[in-house]
Amino acid sequence: MAHNTNSLPGEYFTSPVIHNDELSNIFYRRWLCVGRADRVAKSGDYFLQTIGSESVIVVRDQAGKVNAFFNLCRHRGTRICTEETGAFSKSIQCPYHAWTYGLDGKLIGVPDGHDMEGLDKATLGLHKVAIQEWQGFLFINLSRNPGPLLDSIGSLAGRVERWGLPNLKIAGQIVYDVAANWKLVVENYNECYHCPIIHPQLNERSNYRSGVNDLNQGVVLGGYMMLAEGAESMSLEGGYCAPPLDNIDVDDLSRVYYYSIFPNMMLSLHPDYVMFHTLWPQGPERTQIVCEWLFSPEAMSAPDFSPAGAISFWDETNRQDWHVCELSQMGVRSIAYQPGPYHFWHESLLAEFDQQVLNALGHTSPGAD
Ligand code: FES
Ligand SMILES: [Fe+2]
């Protein structure tokens with residue numbers, strides 16, 4: 001596949017029109033990671049996820065199944081739920097005229113409904129959003145005809161199971177508000193050309209030239225970097241924050257794997273823990289980033305357990321990254337900006353990621369409609 005080997009034109013980072021096209025063709029159509037299934041641990045537990053101008057309710061029903069619905073009433077369209085997270089007792093009620101839905105989305109109550117002849121409740125359930133669980137992560141898809149989730153994460157098969165992801169639990173979460181286009185964040189994640197300059201501390205733990213990309217085409221991109229002599233993991237002191245995860249290979253002990261999963265997830269697998277980011281565009285020039293750290297429940301139950309070394313190491317690294325993404329955003333919106341050449345191998349994944357974006361938008365070359 002012939003790749004554009006320059007960075008994208010400025011309009012891809014600033015234009016509200018392209019941003020809306022990305023929402024329609026990418027964020028309202030592809031599988032998006034919305035975090036871990038244990039966010040809705042018990043029946044009734046729910047959270048809301050905003051995607052562009054859409055709001056989705058993710059809720060565990062009484063049968064234990066996780067469902068997702070567009071957050072609007074079938075009566076006159078009112079936004080039903082505004083509390084970001086919480087628990088429904090047994091039903092979801094619209095605040096306007098109190099139409100009531102089961103946790104499975106079925107319309108179960110219409111005040112004075114007996115006066116509405118021919119009202120067919122069976123056809124007026126909440127609009128469903130496709131939802132699937134993979135390795136303990138929930139993925140939603142807003143499309144009416146979602147493609148298989150496997151198309152999004154299939155190339156990770158056989159690569160991540162040894163971390164025992166379904167078992168891991170959240171030990172920390174930080175939410176960031178970044179003044180940069182979401183693509184700058186993914187592009188930055190996919191190269192370590194910047195590491196010696198932006199992350200002296202990270203570069204000490206893992207040399208920027210030690211990376212090997214094992215997935216360099218398609219919707220999942222990434223590979224691993226070698227931990228430096230004397231570094232056990234990515235943490236403040238360079239030691240483990242927990243014993244290495246049970247089933248990883250010997251080779252994994254000296255590596256950290258970094259994968260971006262198109263469009264909104266970045267998954268980083270360490271010997272002793274897993275970190276992941278989800279990205280939520282707030283406009284062409286703003287992105288909300290949720291970063292979470294996962295550890296094994298056994299490690300977390302140890303009396304001296306602390307994830308602080310991993311969290312503060314990456315929090316500092318994250319902030320360094322977001323800062324340089326914000327500097328990029330300021331530059332690419334300049335009238336003087338022109339696409340610049342990607343480094344042949346340091347930045348090869350960026351060219352592929354950009355191509356995925358262009359493909360999704362139906363642009364045969366950057367800027368072409
Ligand atoms: S709009 Fe929801 S009950 Fe009327
Ligand atoms: Fe970085």
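1. Ground rules. Because this is a predicted model, local features need pLDDT of at least 70 and side-chain atom pairs count only at pLDDT 80 or more, while totals for chains, interfaces and linings use all residues. Residues are numbered from 1 along each chain as its sequence is written, chains are lettered from A and ligands numbered from 1 in the order in which they are written, and side-chain values use heavy atoms, with hydrogens and water left out.

2. H4 on H8. Let's start with helix H4 (residues 182–189) and helix H8 (residues 308–332), whose axes come within 10 Å and cross at roughly 125 degrees. Helices (H or I, at least four residues) and strands (E, at least two) are DSSP runs, numbered from the N terminus. The axes are lines fitted to C-alpha atoms, for helices over the stretch in contact, with angles running from 0 to 180 degrees between N-to-C directions. The angle makes H4 oblique to H8; under 35 degrees counts as roughly parallel, over 145 as roughly antiparallel, 65 to 115 as roughly perpendicular, and the rest as oblique. H4 passes H8 in a right-handed crossing, meaning that the near helix is turned clockwise from the far one by less than a right angle, anticlockwise being left-handed.

3. Who touches whom there. On the H4 side you have Leu184, Val185 and Asn188, and they meet Asp321, Trp322, Val324, Cys325, Ser328, Gln329 and Val332 in H8. Contact here means heavy atoms within 4.5 Å. Sorted by class, the residues of this H4–H8 contact are 6 nonpolar, 3 polar and 1 charged. For that sorting, Ala, Val, Leu, Ile, Met, Phe, Trp, Tyr, Cys and Pro count as nonpolar, Asp, Glu, Lys and Arg as charged, and the others, Gly among them, as polar.

4. H4 on H9. H4 also packs with H9, and these two axes come within 9 Å, crossing at roughly 150 degrees. That makes H4 roughly antiparallel to H9, and the crossing is right-handed. Trp182, Lys183, Val186 and Glu187 of H4 make the contact with Leu350, Phe353, Asp354 and Val357 of H9. The class count for H4 with H9 is 5 nonpolar, no polar and 3 charged.

5. H2 on H9. The axes of H2 and helix H9 (residues 348–361) come within 9 Å and cross at roughly 80 degrees, which makes H2 roughly perpendicular to H9. Ile18, Asp21, Glu22, Asn25 and Ile26 supply the H2 side, with Val357, Ala360 and Leu361 on the H9 side. Here the H2–H9 contact has 5 nonpolar, 1 polar and 2 charged residues.

6. Phe27. Phe27 lies in helix H2 (residues 16–27) and counts as buried at 1% relative accessibility. Buried means under 20% relative accessible area, exposed over 50%, and partly exposed in between (1.4 Å probe, protein chains only). Leaving aside neighbours within four places in sequence, Phe27 is in contact with Glu22, Leu32, Ile51, Trp182, Pro263, Asn264, Leu279 and Pro281. Its C-alpha atom is separated by 9.2 Å from that of Ser143, 116 residues apart along the chain.

7. Cysteines. The count comes to 1 disulfide, taking a disulfide as a pair of cysteine sulfur atoms within 2.5 Å. Cys192 is joined to Cys195, S to S 1.9 Å. The torsion about the S-S bond is about -110 degrees, so this disulfide is left-handed. Both partners are tucked away: Cys192 is buried at 11% and Cys195 is buried at 4%. Cys73 is buried too, at 4%, and Cys94 is buried at 3%.

8. Backbone spots to look at. Most residues other than glycine have a negative phi, and most peptide bonds are trans. A cis peptide bond joins Phe262 and Pro263, with omega about 0 degrees; Pro263 sits in the loop between strand E14 (255–261) and strand E15 (265–269). Ala98 has a positive phi, near 65 degrees, in the loop between strand E6 (91–93) and strand E7 (100–102), and is partly exposed at 24%. Gln135 has a positive phi near 55 degrees, in the loop between strand E9 (128–134) and strand E10 (137–141), but Gln135 is buried at 16%.
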